[in-house]
Amino acid sequence: MTASDALSLALGMPKAELHVHIEGTLEPELAFALARRNGIALPYADEAALKAAYAFDSLQSFLDLYYACADVLRTREDFRDLMLAYLERAAADGVIHAEIFFDPQTHTARGIPFATVLDGLDDGLAEGARRWGISGRLILCFLRHLSEDECLATLAEAELHLARIHGFGLDSSERGHPPSKFARLFARCRELGKPVVAHAGEEGPPEYITEALDLLGARRIDHGVRAVDDPAVLDRLVRDRIPLTVCPLSNTRLCVFQDMREHSLPRLLAAGAKVMLNSDDPAYFGGYLNANIRAVHEAFHFDTDTWYRLARNSFEASFASDAEKAAWIARLDTYFAAAR
Ligand code: ADE
Ligand code: ZN
């Protein structure tokens with residue numbers, strides 16, 4: 001089988017997405033439609049002007065634009081429409097399960113009630129399950145540029161809605177905001193019986209990965225691509241089977257790697273790390289999960305076994321039940337058996 005046959009298989013294979021920010025799926029068309037619906041002016045003349053601003057040189061340069069665009073999200077219906085638009089694209093890429101980040105503080109800081117955000121996202125998840133049979137869960141991410149006390153106040157609000165929050169994460173500006181800043185916050189999340197994840201080793205150093213594991217109890221590391229800079233950290237991730245939710249297009253668009261061919265993904269795979277592919281903020285970084293697969297294919301020409309492993313890791317690393325995981329992996333195996 002050639003690498004391009006393997007690519008076709010990878011595009012069609014069933015897979016899970018474990019690292020996508022719902023606010024990062026806001027396409028320019030929807031942003032302007034919501035701005036019109038809500039009578040808000042975006043600081044860009046039109047969709048083309050907004051897209052022209054998608055030239056990032058760092059995580060922060062992206063986050064500034066991402067938070068500004070989120071201002072168009074105001075009503076329960078807006079959050080529902082955003083979720084549905086993502087699920088439609090994800091399902092078209094073969095995603096059958098998604099664990100989706102949302103950033104409530106981005107919205108509550110603007111006076112949008114927590115329940116409006118959650119109800120709308122949940123409406124979208126229910127409708128997406130009906131339309132496309134895709135399963136989705138929500139992971140609440142705390143913004144690490146805020147104080148731990150602000151995050152604890154958000155957690156207190158989240159505790160009123162725990163049945164609809166599957167886990168907790170940590171995102172936003174990594175440099176200067178180490179995991180150690182949030183040890184109390186995540187101790188409480190764990191007390192609530194929820195799995196914890198954290199962005200670490202994206203722009204920040206490998207020590208932030210160690211802190212996320214030791215001080216936050218993270219069960220997956222989001223990005224973690226800089227683990228290759230410290231062999232001891234990488235060894236530990238491999239030994240303890242800690243999944244890394246890798247986002248290739250994000251990493252090149254935010255200049256974590258200057259070129260896809262420099263990405264650490266092949267080194268992580270060669271070391272035996274439990275990695276899978278994800279889209280992070282697909283509206284801003286050039287595409288959804290299959291666009292990431294295409295970009296990785298062009299750089300590395302992975303074989304069928306490697307694509308199988310990436311998809312299998314995506315299911316194994318999810319926070320779904322063992323029965324759900326087994327059913328999804330059986331579906332993956334059937335797909336590959338038929339195609340080989
Ligand atoms: N929020 C949205 N995308 C992010 C990323 N790639 N890193 C940190 N915070 C984020
Ligand atoms: Zn992310």
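A: Asp280 is buried, because its relative accessibility is 2%; buried means under 20% relative accessible area, exposed over 50%, and partly exposed in between (1.4 Å probe, protein chains only). This is a predicted model, in which local features need pLDDT of at least 70, side-chain atom pairs count only at pLDDT 80 or more, and totals for chains, interfaces and linings use all residues. Residues are numbered from 1 along each chain as written, chains are lettered from A and ligands numbered from 1 in written order, and side-chain values use heavy atoms, without hydrogens and water.

Q: Which residues coordinate the zinc ion (ligand 2)?

A: Donors are N, O and S atoms within 2.8 Å of the metal (3.2 Å for Na, K and Ca); water is not among the atoms, so sites may look incomplete. Here His19 (NE2), His21 (NE2), His199 (NE2) and Asp280 (OD) coordinate the zinc ion (ligand 2) at 2.0 to 2.2 Å. The pair His199 and Asp280 links distant parts of the chain, 81 residues apart. His199 is buried, because its relative accessibility is 4%.

Q: Which residue in the loop between helix 12 (248-253) and helix 13 (265-271) is of interest for its backbone?

A: Most residues other than glycine have a negative phi. Cys255, in that loop, has a positive phi of about 65° although it is not a glycine. Helices (H or I, at least four residues) and strands (E, at least two) are DSSP runs, numbered from the N terminus. Cys255 counts as partly exposed because its relative accessibility is 28%.
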